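Please keep the structure in view while reading.

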Amino acid sequence: RRRIERFERRTVHRRGRSVGGPYGLGFENGSQSRGLRDVGLPASREDRQKAGMEVSPVLIRFQQMMESDWAEALLLGLLVAAVIMVLFVAFRAYRPLLFLLALGMAFSGSQSGVAGSMVLLRYGALLSLAVLGFQGLSRLRFSGKLMLGLAVYMILTSCFSIHALYSIQVTVAFFLLCLGVIGATSAYVQDIGQVRKVLAVIALVALVWCVVMLMPGYQASYKYQSALGRGQSLAIATGILAPFLLWSFFQTNQNRFFRYLSLCAFVILIPLLVMMGQRIGIFSAVIGAFPLVLLRLDVRRILLGVITIVVVSVATVQVLGLLRPDVKDMLKYKFIEKKTDMGGRDLRWRLLLNRCIESPVIGHGGGMGDAAVAQYFGTGAHNSYLGFWYDYGFVGLLSLLTLIGVTFYRLATLMRRPCSETKEAIRLLFGVFLALASGAFFESTLASPTAIHAGLFLLVFALSDVLWSFSNGPQQGCHAAYAYEPEEFSEVISY
């Protein structure tokens with residue numbers, strides 16, 4: 001208890017006075033815990049009642065958008081996007097809707113006005129994809145059925161939460177995301193060429209992300225720090241999107257201009273990750289790109305690339321230190337002085353683990369794990385698995401771990417099978433899957449069910465299901481060779 005009290009006083013002194021409330025989330029300087037912030041909930045009960053949060057958090061986002069300096073332009077853009085999405089649904093345009101959904105999920109944590117419009121865009125694309133997802137329910141494989149069943153169980157658990165309205169909104173949004181991403185992917189992705197096109201959509205989102213990150217106004221909103229409570233989410237999103245740019249560069253059948261543009265964006269994102277001062281972002285980028293790099297590059301080229309990136313990053317930090325000494329001091333603290341400091345995660349994990357042991361079977365509802373920890377620390381648990389256990393009980397945690405284990409086995413098995421058409425896509429999915437699964441142990445990336453991390457997690461599940469069905473289904477050519485040993489590969493091709 002004394003350690004918790006000391007850490008709480010140190011955290012409050014460093015980040016601002018806590019504003020309390022039944023959730024205990026938020027600070028006077030504007031930061032909020034990720035679990036409630038991503039759905040637009042104000043910090044205190046009085047603020048929620050004034051904002052009419054009991055109706056819908058989407059209305060709060062709409063109010064934020066209308067109060068911004070770009071209200072007219074954002075509103076016009078949303079109306080145009082709504083018309084376009086209706087046309088996409090009518091013509092069953094899966095990939096454009098997936099692009100809009102990923103774009104909305106990626107940028108929903110930016111400045112308040114832009115964030116409001118991106119959240120509304122995200123929910124519009126989510127509902128549109130969910131309509132298309134109904135057509136893929138009959139084609140769901142094991143991972144898709146298990147994920148949708150888990151989403152239904154999450155809704156039922158949230159009905160008994162002490163904050164049922166908020167928990168139900170969180171879990172229903174996650175169910176729609178599962179239905180849209182997994183259902184629509186099962187319905188419209190039928191060959192390896194379409195798998196590559198889906199990955200190219202995410203690469204395009206990553207390219208847009210890189211361009212926006214270079215805009216001065218967007219940089220000023222984050223200041224490359226975690227002081228606004230967004231640094232970790234920003235860094236994880238950047239680290240997860242970076243491997244898709246590298247994969248896009250390796251695709252020789254794509255447009256040359258787009259390939260080299262993707263390479264430039266990848267090289268730019270690495271120094272940006274360093275300047276964000278978040279180790280988890282760099283970790284996600286390295287783990288996500290590592291399997292793909294091993295496939296395409298030899299040891300000498302890998303070492304040359306690592307040295308180049310290190311030199312560019314150090315030079316960028318030195319130049320930045322002349323222009324922004326405060327940022328340089330922050331980076332020195334993050335990467336040199338902090339070292340193995342976990343930022344109080346061990347205390348948060350111990351607290352939430354004790355809460356889970358007290359009630360291991362029955363869940364408390366979506367988003368309640370971060371709220372329980374935030375009552376003492378002001379921020380969430382920084383562990384998705386403990387949060388999932390507290391929110392949805394042991395059954396929910398076991399279902400999630402089963403899904404992760406099955407996906408790991410399938411992707412690892414597919415990587416060992418000889419197929420030139422799918423090896424790059426499989427290695428990309430395997431790297432991104434490892435980055436998401438391991439990063440979830442240190443961050444609450446699954447606390448917000450419609451964030452970019454959760455969306456990519458579901459996309460990896462869906463595409464791994466599709467690729468696994470290719471390897472065991474009545475396909476010809478490269479896919480038929482999956483069922484044979486490597487030495488029999490030439491015989492299958494000739495047949």
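The model shown here is predicted.

**The largest cavity**

- A search of the whole structure finds five cavities of 30 Å³ or more.
- The largest cavity holds about 270 Å³ of space.
- Its lining consists of 23 residues, and those nearest the centre are Met 154, Phe 388, Tyr 392, Leu 446 and Ala 447.
- At least two lining residues come from each of the helices α8 (142-158), α9 (164-188), α19 (384-415) and α21 (452-472).
- Sorted by class, the lining of the largest cavity has 14 nonpolar, seven polar and two charged residues.

**The second largest pocket**

- The second largest pocket has a volume of about 760 Å³.
- This pocket is lined by 26 residues, with Phe 266, Val 293, Gly 305, Val 306 and Ile 309 closest to its centre.
- Two or more residues of the lining are given by each of α12 (231-250), α13 (256-276), α14 (279-296) and α15 (299-323).
- Helix α15 gives the most to the lining of the second largest pocket, with 10 residues.
- By class, 22 nonpolar, three polar and one charged residues line the second largest pocket.

**A nonpolar surface patch**

- Val 299, Leu 303, Ile 307 and Val 311 make a nonpolar surface patch of about 400 Å².
- Val 311, one of the patch residues, lies in helix α15, the helix that also gives the most to the lining of the second largest pocket.

**Salt bridges**

- In one of them, the side chains of Arg 345 and Glu 443 meet at 2.3 Å, N to O.
- Arg 345 lies in helix α17 (residues 345-358) and Glu 443 in the loop between α20 (423-439) and α21, so this pair ties together parts that are 98 residues apart in sequence.
- Both Arg 345 and Glu 443 are buried.
- A salt bridge also joins the side chains of Arg 410 and Asp 465, at 2.2 Å, N to O.
- This pair links distant parts of the chain, with Arg 410 in helix α19 and Asp 465 in helix α21, 55 residues apart.
- Arg 410 and Asp 465 are both buried.
- Helices α19 and α21, which hold Arg 410 and Asp 465, each also supply at least two residues of the lining of the largest cavity.

Definitions and conventions:
Residues numbered from 1 in each chain as written. Predicted model: local features only at pLDDT ≥ 70, side-chain atom pairs only at ≥ 80, totals over all residues. Heavy atoms only, no water. 1 Å grid on protein atoms, 1.4 Å probe; cavity = no way out; pocket = protein on both sides within 12 Å on 5 of 7 lines; lining within 4 Å. Points joined across faces, edges and corners; volume = space filled by probe spheres on them. Helix = DSSP H or I, 4+ residues; strand = E, 2+ residues; numbered from the N terminus. Nonpolar A, V, L, I, M, F, W, Y, C, P; charged D, E, K, R; others polar. Patch = residues over 30% accessible without salt bridge, like charges linked within 9 Å, V, L, I, M, F, W, Y side chains within 5 Å. Areas by Shrake-Rupley, 256 points an atom, 1.4 Å probe, with all protein chains shown as cover. Salt bridge = Lys/Arg side-chain N within 4 Å of Asp/Glu carboxyl O. Buried < 20%, exposed > 50% of the residue type's maximum accessible area, 1.4 Å probe, protein only.
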